[in-house]
Amino acid sequence: MLIDDEALPMARLKTLLLDNELQKIEIVGEFDDPIEAYENIKGLRPDVIFSDIEMPELNGLELAGKIQEIQPSVETVFITGFDRYAIDAFNIHAIDYMLKPVQKDRLHKTLIRLQTLLNEKPTPKNNSTCLKLFGDLRVVSADGQVQIMKWRTAKAKEIFSYLLSRHEKSTSKDTLLELFWSEVDMERSVKQLYTTIYTIRKTLKQYNLHDVQISSLLLDSGYQLQLGNVLVDIDEWTKELNALPNLTKDTYKEHEHVFNAYQNHFLKGCDYIWAESERERLKRMWRQHALQLSRFYIKEKMYEQAITVEKKLQSLDADEELQYFTLMKLYDVLNNVEAVEEQYTLLKQVLEEQLAVEPSEEVTSWFEQWKKTKKK
């Protein structure tokens, strides 16, 4: 990415980079406005930034510091008409500092250094640390160790959960204050927000979640959470679900894997009002897929597998009548009389205790007819 408020120096640098003899370089973005460059950094994800220093509104040194909060892996090369910034440049870990006009031989040395650095960077591993939001908030380390995160305050846990669940988006301070301190006066609520963010950062360090950063947004307008190489289970599950092939005899094992990966509802143990819509969205996605898988098993006469799916659906949503009815029919196919009766009894009990209603006429009629058939 190239950032310079002067067009001619940026055009010269671009020509030298594209004509270099070391390796093919792709220019992913050119910006004469540093704020616009900052706003596009996450989408473009450059390996290297070549930036001027003296620019209006935000100088290159400040810009590079903010960019490193969003994308710590990015390398920075400063290009400027003044040599007085050299010490400041290296203080923010820039890999090089060149004076305008950039000379071909000098750039060549910089590119050699860049090539070496980029080649030595480790490839992210698949067994990354994962933050779990299905069920309760937990950390699963790369070696598989599971820890339930302990928090100094319930507010810190809730705000971290909120920022984590929307980590790809920025959140304004006004939004956080309205959501979590709507009944507190402005001065006190702002202080409590700052204290809570500080507490969250300390807690992340305690669990060695150094990649997870809460960055202050440009112009001090809010926060954004960056994950680095840390994964989030709801993100990974959604990606896998969306990437599934059509459900066939050759692919049903892949579908089983995704079905089983959903172990509980989103933040199930946390009574957060803001989480309800996301919980329902993920639940609908999982339920729709689970029912598709169950129907496939029934069609293929894989009744035991269908029962496994329906029982999990039942365990996570105990008041859904459909699962009891489907299980009654499946157990009937397998001639398991006791299990059919048990499902109907359980359904009556659950509906009476939770909703104060009786099973539907369809289910009751089926069950009564089934009993008459068995007596014969």
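## Basis

Helices (H or I, at least four residues) and strands (E, at least two) are DSSP runs, numbered from the N terminus. The model is predicted.

## Count

A salt bridge requires a side-chain nitrogen of Lys or Arg within 4 Å of a carboxyl oxygen of Asp or Glu. By this rule there are 18 salt bridges.

## A pair within helix α11

Arg281 and Glu278 form a salt bridge through their side chains, with an N to O distance of 2.9 Å. Both residues lie in helix α11, and because they are 3 residues apart, about one helical turn separates them. Arg281 has a relative accessibility of 34%, so this residue counts as partly exposed.

Elsewhere, Asp4, Glu6, Asp52 and Lys100 belong to one network, joined by salt bridges that share partners.

In the salt bridge between Glu30 and Lys14, the closest N and O atoms are 2.8 Å apart. This pair connects distant parts of the chain: Glu30 is in strand β2 (residues 30-31) and Lys14 in helix α1 (residues 7-18), 16 residues apart. Glu30 is partly exposed, at 40% relative accessibility, and Lys14 is partly exposed at 27%.

Lys249 and Glu300 form another salt bridge, their closest N and O atoms being 3.5 Å apart. Lys249 is exposed, at 60% relative accessibility, whereas Glu300 is partly exposed, with a relative accessible area of 26%.

Conventions. Residues numbered from 1 in each chain as written. Predicted model: local features only at pLDDT ≥ 70, side-chain atom pairs only at ≥ 80, totals over all residues. Heavy atoms only, no water. Buried < 20%, exposed > 50% of the residue type's maximum accessible area, 1.4 Å probe, protein only.
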